[in-house]
Each structure stands twice: as structure tokens, then as C-alpha cells.
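Subject: Structure handover

Hello,

Here is the structure we spoke about. Please open it and keep it beside this note while you read.

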Amino acid sequence: MIEAELKARVKDVASVKGWLGRQATPEDATYQDIYYDKGDELTRSDRELRVRTVSTANAQRSILTYKQARVDEESGSKPEHETEVIVPDAVASLLLDIGFSEYVRLTKHCQNYSFEFAGYDILATLVHVPELDGAFLEVETLVGDEQLDAALEALKGLLRELGLENELETGTYTDAVLEARSR
């Protein structure tokens, strides 16, 4: 599956929250992300390996994610493979033992909204990263290769409806956080 995703910078958070709140009830979550790399082999080839721990009011779960190189330059959409992790420390030990190292660790404070738009199951996430100024909106849906272009058009339509079509961000949080930390 490919995660068709667009990310936009949000200037009017209240307006975006209002629109999203009319689509779905938000779920607050904190993501603790640890990205791994071997040297910078994955980063140089536009791939990602991450262990994410998601904490909500009711639960905590961890997910191991491998993202292949982007298949769409404009959006940064990537094929994605995920599996739930019962013991994240064991996975971290395994990764470190086979030659990976921690590349970057970051926190994302999120409000997740799940709803249908233009025939797609959408996850819209309003994101705040402590090291970065402002807020971001990620809109995504999982699709097969043959549906990517149509799904991205639907996501662009959603951003147009929110007035965010000219606020697209193509950079990664990892790069932005590393840059902010180096200042």
C-alpha cells in the first residue's frame, strides 16, 4: 500500500479545527518517534525506519514502520509497511544490534480526525512539533499504486476546501527538527 499524503502549514488553526470538527470527533494523541538509520544509508536513499509509540487517553501502542522511497515527488507519498510492536525496547535492541543507530527522536502532539472525503477514508492530523514553529495538517489515505493520482487529487481538493492549497510543505519533520536543533 502507498500512503498518499499531503502536508500543509496551518496559519488559522481555529478555522481548520472547526472544519475538521464538523467531519469527525478529534482524538488527541502524542507520538514519540524514533527514526533509525545505518550511517545515513536510508536517509540518502529517501527511506525511513521508525518505531512510533502513540499515546492516547485510553491506550498506548507502538508501531514499526518502514517507508520506501517516495513514488511522487510533489507530495512525498511513499509505499509504507507497518506492524504493531508489543515490546518497543526489544525492537530497539534488535535494530541497534544489527548495525542501525538512532537517527533522530522527536515528539508530535496530534489531533486525529477520521472521516470519508471524495470516496476515500481520510486521516487528517493536526500536528504540533515542539521544536518547530506553528502547526501542520497532514491528510492521508492508503491506496494501491493505481489509485495514487486520484487519491492525491482528492487530498488536494480537501486542502482547497480548507484554504490550504497554497501552504503545501514537502520537507520532513526529521529534517526540520534536526535543522532547528542545530541552530
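First, a caution. This is a predicted model. Residue numbers start from 1 along each chain, as its sequence is written.

**The record**

UniProt gives the feature "domain: CYTH" at residues 1-179, and that comes from an unreviewed entry. Over residues 1-179, the chain is 26% helix and 44% strand.

Start with strand 5, at residues 78-85. Strand 1 covers residues 2-10 and runs antiparallel to strand 5, with two bridges joining them. On this side, I2 stands opposite P79. Strand 4, residues 60-67, also pairs with strand 5. That pairing is antiparallel too and has six bridges. Here T65 has E82 as its bridge partner.

**H81**

Now look at H81, which is in strand 5. Is H81 buried, partly exposed or exposed? Its relative accessible area is 41%, so H81 counts as partly exposed. Which residues does H81 touch, beyond its neighbours within four places in sequence? They are L64, T65, Y66 and Q68. The C-alpha atoms of H81 and L64 are 8.3 Å apart, and these two residues are separated by 17 residues along the chain. With Q68, H81 makes a polar contact from side chain to side chain, at 2.9 Å.

**S75**

S75 is in the loop between strand 4 and strand 5. S75 has a relative accessible area of 12%. The cut-off for buried is under 20%, so S75 is buried. One goes to the side chain of D72, at 2.7 Å. Another joins S75 to the side chain of S77, at 2.8 Å. Setting aside neighbours within four places in sequence, S75 is in contact with E5, L6 and L152.

Next, go to strand 6, residues 101-117. Strand 2, residues 27-37, pairs with strand 6 in the antiparallel sense over 11 bridges. Q32 has T107 as its bridge partner there. Strand 7, residues 120-128, is joined to strand 6 by nine bridges, and these two strands run antiparallel. S114 stands opposite L123 of strand 7. Strands 6 and 7 form a hairpin, with two residues between them. In the turn, A118 has a positive phi of about 50 degrees.

**Aromatic pairs**

How many aromatic pairs does the structure hold? There are three. One of them is W19 with F117. Their ring centres are 6.5 Å apart, with 65 degrees between the planes, and the pair is edge-to-face. W19 lies in helix 1 (residues 13-23) and F117 in strand 6, so this pair ties together parts that are 98 residues apart in sequence. Both W19 and F117 are buried.

Another pair is F136 with Y173. Why does this pair count as edge-to-face? Planes over 60 degrees apart are edge-to-face. The planes of F136 and Y173 are at 85 degrees, so the pair qualifies, with centres 5.6 Å apart. F136 sits in strand 8 (residues 135-143) and Y173 in helix 5 (residues 173-182), so the pair links parts 37 residues apart in sequence. F136 has 3% relative accessibility and counts as buried. Y173 is buried as well, at 10%.

Ring pairs also link W19, F115 and F117 into a cluster.

**K7 and the rings**

Finally, find K7. Where does the charged end of K7 sit? It is over the ring of Y173, 3.9 Å from the ring centre. K7 also lies over the face of F136, at 5.7 Å from the centre of that ring. F136 and Y173 are the two rings of the edge-to-face pair with planes at 85 degrees.

**Where to look first**

Find K7 over the ring of Y173, then the hairpin of strands 6 and 7.

Best wishes

Terms used. Predicted model: local features only at pLDDT ≥ 70, side-chain atom pairs only at ≥ 80, totals over all residues. Heavy atoms only, no water. Phe/Tyr/Trp six-rings, centres within 6.5 Å; stacked < 30°, edge-to-face > 60°. Helix = DSSP H or I, 4+ residues; strand = E, 2+ residues; numbered from the N terminus. Buried < 20%, exposed > 50% of the residue type's maximum accessible area, 1.4 Å probe, protein only. Lys NZ or Arg CZ within 6 Å of the ring centre and 35° of its normal. UniProt positions renumbered as here; feature names shortened; annotations may be inferred. Pairing = 2+ DSSP bridges. Contact = heavy atoms within 4.5 Å. Polar contact = N/O pair within 3.5 Å; in protein donor to acceptor, adjacent residues only side chain to side chain.
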